[in-house]
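Open the model in your viewer and keep the sequence panel beside it. The tour below goes from one selection to the next.

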Amino acid sequence: MKSTLSIKKIWLMAITATFAVASCSDETTIFENPEDNLIKETDQLKLENSVNFDRAGVLDIYEDPITSAKRYGSTTGKVEQAGDYPLTLVAQIAPPSFKNGENLAATHVALNGDYGYVSYNTVGQEYVGAVDVIDISDPNNPTVTSRVYFTNADLNSIAYDRGYVYVAGGVDSEKSVTATSNSLVAKIGVDNGRLNTSNITFGFQEGFNATDVSIINNTVLVTSGQDGFVVAYDKSDMSTLSETAFSDLRSVAVNGTEIAVLDAAQGVSVLDQNLTITKSIDIDSDFGIDAKRTLAFSGDNIVVSEGSKGAGIYNASTGSFIEYVPILTSPENAEPGDIVTNGVAVNDDVLLMANGAGGLSLSEKKFDNTEGVGVIELNGSINYVASKGDYIFAASGKSGFQIIKLNKPSQSLLTRCENLASFSGSSNYKVPEGAEEAYSGSKRFNSLTVDGSLLLCGSWTVKNDITINEDGIFEMNGTIVIGRFHKRRDVVVKSGSTLRIEGNMTIYGDLILEDGAALEFLGDRPIAAIWGKVTKEGNSTVTGVFNDYYGKF
């Protein structure tokens with residue numbers, strides 16, 4: 001990968017300081033004063049200012065031409081249909097920065113419950129890393145709750161399990177009297193979103209450096225790069241349980257009792273919990289030198305990031321090749337070597353590919369093949385992606401860490417609206433005067449104009465304005481997001497018309513209620529998050545109990 005992390009070898013990390021040793025073996029070292037080389041960020045304002053909403057709001061998807069062609073009607077010329085996947089950018093988290101650590105870049109993300117855990121390393125020849133803990137329990141207001149700087153180590157991967165984060169990186173054993181090998185793993189306590197550096201254990205293993213970390217039951221699995229190993233550590237004390245040598249490991253993934261590792265020199269090996277190879281999948285791809293590549297289980301398959309080829313999909317049981325999912329875009333002025341698939345993530349039927357300068361692409365699994373949808377509108381070179389539940393977390397190098405909401409319809413909402421037809425109309429949708437329409441689904445619009453009556457049940461985004469004309473009725477049950485922070489768009493409710501909300505409405509712009517307009521909130525504590533201002537003209541009315549999230553009413 002030649003992206004924002006490419007000035008030095010990603011996996012060749014160094015720790016230049018010396019630790020004081022309390023006890024050690026060949027594999028694991030517990031340090032008496034680990035905080036000597038760790039710095040906690042105590043400036044709460046700095047943590048708060050790390051969260052950036054400048055580009056928050058509705059995200060477009062630059063569609064694959066073949067997929068896009070299917071969304072145009074043939075009878076009225078090219079009428080663009082409303083697209084699937086109404087994504088929104090919640091916020092961006094700026095990379096950490098401190099004295100002697102000004103070039104940190106996001107490398108990896110772990111998700112658990114209400115928190116995301118992010119690792120960072122340094123572009124260039126300096127060796128500095130960091131860990132962030134981000135609270136995402138409130139999707140409108142993510143917060144950085146804890147940050148720790150590693151003053152002498154880059155970090156390549158991170159995992160979370162039962163009150164601890166596990167980070168994998170490297171150590172220059174020639175510059176440390178305590179390190180037995182270059183590869184580093186650290187176990188750090190975390191409680192209610194706060195990292196506890198007084199509760200930390202370090203371990204070392206052979207190999208250029210540690211490239212990935214994953215948890216299976218009571219075991220911590222760590223891979224190390226050139227001439228390295230996959231090592232199983234006892235989670236309780238980080239002592240070594242077993243290890244298996246490989247030529248050039250890049251990643252490890254877990255599916256039930258199965259373990260898969262990606263070796264750039266050979267392909268994928270599937271292991272049992274004793275780290276015995278049970279099957280191999282030979283892959284003839286150029287994985288690059290010292291480049292980040294990941295793999296992920298997807299049902300019965302394994303998805304592998306294969307650089308310029310995109311993502312390769314293989315049957316996990318037989319090892320047979322199924323298909324390649326290509327990189328969907330080739331941006332102008334980007335070096336060919338910068339457009340490579342660095343990482344993959346699977347969320348239900350969605351496949352996400354981190355393609356460096358080629359951005360973050362989204363594909364969907366359909367029957368026996370995978371169909372590209374398009375590239376999500378994001379800044380930065382995308383080095384890693386993780387997805388769980390309703391969120392996508394993208395590590396974009398020096399552009400930081402981006403939080404994206406999938407806006408999946410809730411199951412209860414789908415049940416209440418199960419008798420409605422799915423929406424399949426234009427992305428610039430207009431309901432004519434006198435028409436009564438009702439749909440369910442999850443779509444992204446360019447604009448909405450309501451002259452008649454429209455009920456939408458589900459999750460929706462609107463890139464531009466919503467206008468409810470005189471005597472029109474727009475009812476929304478679920479979630480709707482309009483506009484973006486840097487491209488403000490309005491919702492205009494004209495005289496005699498009604499906007500009725502049961503669920504969550506976010507407007508990156510103004511809400512304008514003209515004289516005689518009505519805004520009604522229904523149900524259990526709906527939310528109105530208005531980033532602009534609320535204008536209530538003449539005899540306009542607002543009724544119902546709701547959460548005025550930003551206090552604009």
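Start by selecting residues 343–347, strand β29, together with β30: the two pair in the antiparallel sense over 5 bridges. Strands here are DSSP runs of E, at least two residues long, numbered from the N terminus, and two strands pair if DSSP finds at least two bridges between them. This is a predicted model, in which local features need pLDDT of at least 70, side-chain atom pairs count only at pLDDT 80 or more, and totals for chains, interfaces and linings use all residues. Residues are numbered from 1 along each chain as its sequence is written, and side-chain values use heavy atoms, with hydrogens and water left out.

Next, pick asparagine 347, whose bridge partner in β30 is valine 350. Move to aspartate 348, which takes a positive phi near 55° in the hairpin of β29 and β30, where 2 residues lie between the strands.

Now select residues 350–354. 5 of the 5 residues of β30 are buried, so the strand is largely enclosed by the rest of the structure. Buried means under 20% relative accessible area (1.4 Å probe, protein chains only). Val350, Leu352 and Ala354 cover one side, Leu351 and Met353 the other.

Leucine 351 has serine 363 as its bridge partner in β31. In the hairpin of β30 and β31, 5 residues separate the strands, and glycine 356 in the turn has a positive phi of about 60°.

Finally, colour by pLDDT, the predictor's confidence in each residue from 0 to 100. The chain mean is 86, and 88% of residues reach 70 or more.

Terms used:
Buried < 20%, exposed > 50% of the residue type's maximum accessible area, 1.4 Å probe, protein only. Helix = DSSP H or I, 4+ residues; strand = E, 2+ residues; numbered from the N terminus.
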